[in-house]
Amino acid sequence: MSLNVREAVLDAGRSLGVPEPVAEAFVRLLRPCVYLCPYDELPEELKKDARPAARAVGLAHLPTDMEAPLELQHVVTIDCAAIPTGVLDIDFPTDGHLVILAELGYYPGEGVVIHLPAGAETVERRSRRDAEPSEPFPLYAVPGITQPAHLDWPDVAEAADYAEGDDERAGRVTKLIEAMGDLPEVRWRFDIQLGGYSRAWHNPVEDRGDVLFVGIPESEVFGDDAITFIAGTREQIAERRYDELEFEVEC
């Protein structure tokens, strides 16, 4: 957890009169993520030594013995070695490439995740959805912090003990939650997201005991009026059982 974020939350708590143990409880809820964004969206301090971490759209590069699924488009290929190490709290691979093929923006969601070992021989593959593929472009990694999509103070034991039955205290804690969500490091970015909490309006993947692997938001490139979540258990992700991960679309 970023010390800057922790101190910012504690400072917000102090200014609102919320006891530090309560503010600390909210800090412990935060989870790290990595965003993949175009170069012009990178923070200035990251631009100088920026290295592409992914290739978006265009044609998929797949193993020589594998055909592209006919109805799935190439969304992104992630260079796992270019993702900052020690940031995510899920076992994201540190070697090779992850290829994501999906049908974005269509409920209930369909796609595949393929891990290519480092040095694997590949060829360009064209699916039916790639009849006129978009021009590929690079994406860059930006560490981030996420909070639960639907965070209410009664769900946090320390906050409930402090504020239950006291409207004034409940208001202070509610304002702390709002202040935490407004922090630049915590504010949700409109980019591909690795790890962290899912940005789900209706059915967060965490509610069923899963964790987010990759989130792909709507955009002119990636879809229309929807977010696609790729999720599974921590064990499935750690053991690279990517064929068992679920694709889910929220419209």
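Start by selecting Arg240, which counts as partly exposed because its relative accessibility is 36%. Here "buried" means under 20% relative accessible area, "exposed" means over 50%, and "partly exposed" is in between (1.4 Å probe, protein chains only). Before you click on, know that this is a predicted model, where local features need pLDDT of at least 70, side-chain atom pairs count only at pLDDT 80 or more, and totals for chains, interfaces and linings use all residues. Residues are numbered from 1 along each chain as its sequence is written, and side-chain values use heavy atoms, with hydrogens and water left out.

**Two positive phi angles**

Stay on Arg240 for a moment. Its phi is near 55°, a positive value in a residue other than glycine. Arg240 sits in the loop between helix H6 (234-238) and strand S12 (246-250). Those labels come from DSSP runs: helices are H or I with at least four residues, strands are E with at least two, and both are numbered from the N terminus.

Now jump to Val57, in the loop between S2 and strand S3 (60-63). Val57 isn't a glycine either, yet it has a positive phi of about 50°. Is Val57 buried or exposed? Its relative accessibility is 4%, so Val57 counts as buried.

**The cysteines**

A disulfide is a covalent bond between the sulfur atoms of two cysteines. To be counted here, the two cysteine sulfur atoms must be within 2.5 Å. By this rule there are zero disulfides. Cys33 is in none, as the nearest cysteine sulfur, that of Cys37, is 11 Å away. Seen from the other end, the closest cysteine sulfur to that of Cys37 is in Cys33, and 11 Å is too far for a bond. Both are hidden away: Cys33 is buried at 0% relative accessibility, and Cys37 is buried with a relative accessible area of 0%.

**Into the cores**

A nonpolar core is a set of buried Ala, Val, Leu, Ile, Met, Phe, Trp, Tyr and Cys residues joined through side-chain atoms within 4.5 Å. Which residues have the most contacts inside the largest one? Select Leu36, Ile78, Ile100, Leu194 and Phe213; the core they belong to has 32 residues. Strands that each supply at least two residues of this core include S1 (31-37), S4 (73-79), S5 (97-103) and S10 (211-219). S10 gives the most, with four residues.

Zoom in on Leu194. Leaving out residues up to four places away in sequence, its contacts (heavy atoms within 4.5 Å) include Cys33, Leu36, Ile78 and Phe213.

There is also a second, separate core of 25 residues; look for Ala12, Phe26, Ala163 and Met180 in it.

**Helix H5, side by side**

Which residues of H5 are buried? They are Ala170, Val173, Leu176, Ile177 and Met180. These cover an arc of only 115° around the axis, so they are on the same side of H5; the arc uses the directions from the helix axis to the C-beta atoms.

**Last stop: Glu24**

Finish at Glu24, in helix H2 (residues 20-29). Glu24 is buried, with a relative accessible area of 16%. Not counting residues up to four places away in sequence, Glu24 touches Arg6 and Leu10.
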